Amino acid sequence: MVTKEEILEALKEVSDPEIGMDVVNLGLVYDVEITDGNRVYIKMTMTAPTCPVTPWILSEAQKCVENLADVEAADIELVWEPQWKPEMMSDYAKEQLNMY
């Protein structure tokens with residue numbers, strides 16, 4: 001059975017092309033749930049509601065997770081609460097983006 005850690009690691013392959021950082025380290029992934037039958041539900045957001053690459057990022061995230069062994073399907077819910085803030089980024093992302 002796939003684990004939450006494996007899913008998050010796979011999602012690190014999906015980067016916001018405008019920022020050049022993956023969605024996990026940007027703090028865009030809010031929740032990951034794995035249900036019976038190995039269906040994965042992911043709640044995530046974007047840095048802004050007007051992000052022009054939102055459809056691409058969501059599609060890439062879904063494909064990336066569905067390519068994992070033992071994942072039957074991945075459903076991604078785009079949410080806006082809580083609103084994303086730069087403080088949600090990992091220390092690694094802040095360092096890479098010179099935000100310290």
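**Helix packing and buried residues in a predicted model**

The cover over the buried residues of helix 2 includes helix 1 (4-11), strand 1 (15-16), strand 4 (39-44) and strand 5 (73-78), where helices (H or I, at least four residues) and strands (E, at least two) are DSSP runs numbered from the N terminus, and where contact means heavy atoms within 4.5 Å. The structure is a predicted model, in which local features need pLDDT of at least 70 and side-chain atom pairs count only at pLDDT 80 or more, whereas totals for chains, interfaces and linings use all residues. Residues are numbered from 1 along each chain as its sequence is written, and side-chain values use heavy atoms, with hydrogens and water left out.

The buried residues of helix 2 are T54, I57, L58, A61, C64 and V65, buried being defined as under 20% relative accessible area, exposed as over 50%, and partly exposed as in between (1.4 Å probe, protein chains only). These residues lie on the same side of helix 2, because they cover an arc of only 130 degrees around the axis, the arc being that of the directions from the helix axis to the C-beta atoms. Helix 2 comprises 13 residues (residues 54-66), which at 1.5 Å a residue should span 18 Å, and the end C-alpha atoms of the helix are 18 Å apart, in agreement with this value; the expected span is 1.5 Å times one less than the number of residues.

In helix 1, the buried residues are I7, A10 and L11. Seen down the axis of helix 1, these residues fall within an arc of 100 degrees, so they line one face of the helix. The buried residues of helix 1 pack against strand 2 (21-22), strand 3 (29-35), strand 4 and helix 2. One of them, A10, counts as buried because its relative accessibility is 10%. When residues up to four places away in sequence are not counted, A10 touches C64 and L68. Between A10 and I57 there are 13 Å in space, C-alpha to C-alpha, and the two are 47 residues apart in sequence.

The cysteines were also examined. A disulfide is a covalent bond between the sulfur atoms of two cysteines. With a disulfide taken as a pair of cysteine sulfur atoms within 2.5 Å, the count comes to zero. C51 is in no disulfide, and the nearest cysteine sulfur, that of C64, is 17 Å away, a distance that is too far for a bond. C51 counts as buried because its relative accessibility is 9%, and C64 likewise counts as buried, at 17%.

A further buried residue is N25, which has a relative accessible area of 12% and is found in the loop between strand 2 and strand 3. Leaving aside neighbours within four places in sequence, N25 is in contact with K12, M89, S90, Y92 and A93.

For the chain as a whole, the secondary structure comes to three helices and five strands, and from the N terminus on the elements run α-β-β-β-β-α-β-α. A compact globule of 100 residues would have a radius of gyration near 13 Å, and the chain, with 13 Å, agrees; this radius is taken over C-alpha atoms, and the globule rule is 2.2 Å times the number of residues to the power 0.38. Along its principal axes, the C-alpha trace spans about 40 × 25 × 20 Å. Of the 100 residues in the chain, 37% are buried. Among contacts between residues at least 6 apart in sequence, 61% join residues at least 24 apart.
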